[in-house]
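My entries follow the display below.

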Amino acid sequence: VQAPADFDWSSVYGRYLQACEAMDMKDYHRAGIALDSALAIDAHYLPALVKKAELLFRNMRYTEALQAARHALSIHTEDGSANFIYGLVNDALGNYTDARDGLDIASLDPAWRSAAYTSLARSYLRQRQLDKALNGTDKALIAQPRNMEALQLRAVIFRLRHDTARHNETLQVLQSLDPLNHFSRWEYFLGDSGRHPLQEFTSL
């Protein structure tokens, strides 16, 4: 598809689109330049602020990412994308209450619901709050039944709870969705190395 000849790529939206394209291509340096130029035109352009926070998060510059996310939320408190990245950044910083606040609000947006509940589940799992983690995966899978990460988290939770039947059931679902899934093969080994020796994992 050919872009309109008179589209202004030097506008704030045009520069934002260039940043999105660069990030999709994993050219994060070019994305940062495009985002900075967009925000130089309009320092309060919310999509660019959210994308900037995402870029800083990817670069593990969490304090700066949090500043960008807060700036975005100061403009639109209930924006799903802004709350999602705000939650991820706070989780990385160990600010778990703020992280859950952001992810809870992000879950109200259908576009971010499954990802937000998955992130909540991951956070609870790291702290060994297994019941809350499992509840998060339940909600993530209601929103997106083929959410592979949520299914993988469930497998880990069931293994840690020594629930062999549900652990194996979850791994079967994972393998039905992705027969070459290495995670499920490794979980089989961790769950029962007698029935599933290491060679079963390394042979593929």
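**Entry 1. Conventions.** I worked on a predicted model, in which local features need pLDDT of at least 70 and side-chain atom pairs count only at pLDDT 80 or more, while totals for chains, interfaces and linings use all residues. Residues are numbered from 1 along each chain as its sequence is written, and side-chain values use heavy atoms, with hydrogens and water left out.

**Entry 2. Whole chain.** I counted twelve helices and zero strands; helices are DSSP runs of H or I with at least four residues, strands are E runs of at least two, and both are numbered from the N terminus. The C-alpha atoms fill a box of roughly 65 × 40 × 30 Å along the principal axes. Of the 204 residues, 43% are buried (under 20% relative accessible area, 1.4 Å probe, protein chains only). I also looked up contacts (heavy atoms within 4.5 Å): among those between residues at least 6 apart in sequence, 42% join residues at least 24 apart.

**Entry 3. Helix 3 and helix 5.** I found the axes of helix 3 and helix 5 (residues 80–93) 9 Å apart, at an angle of about 25°; axes are lines fitted to C-alpha atoms over the stretch in contact, and angles run from 0 to 180 degrees between N-to-C directions. The two helices are therefore roughly parallel (under 35 degrees; over 145 counts as roughly antiparallel). Ile-85 itself, leaving aside neighbours within four places in sequence, contacts Val-50, Ala-53, Glu-54, Phe-57 and Ala-69.

**Entry 4. Helix 8 and helix 9.** The axes of helix 8 (residues 130–143) and helix 9 (residues 148–160) come within 9 Å and cross at roughly 150°. Helix 8 and helix 9 are therefore roughly antiparallel. Residues of this contact include Leu-130 and Leu-134 of helix 8, and Leu-153 and Phe-158 of helix 9.

**Entry 5. Cores.** Which residues touch the most other members of the largest nonpolar core? I noted Tyr-16, Leu-35, Ala-48, Val-50, Ala-72, Phe-84 and Ile-85, out of 44 residues; a nonpolar core is a set of buried Ala, Val, Leu, Ile, Met, Phe, Trp, Tyr and Cys residues joined through side-chain atoms within 4.5 Å. Helix 3 (residues 46–58) gives the largest share of this core, seven residues. Apart from this core lies another, of ten residues, among them Leu-130, Leu-134, Leu-153 and Phe-158.

Methods
Parallel < 35°, antiparallel > 145°, perpendicular 65-115°, else oblique. Buried < 20%, exposed > 50% of the residue type's maximum accessible area, 1.4 Å probe, protein only.
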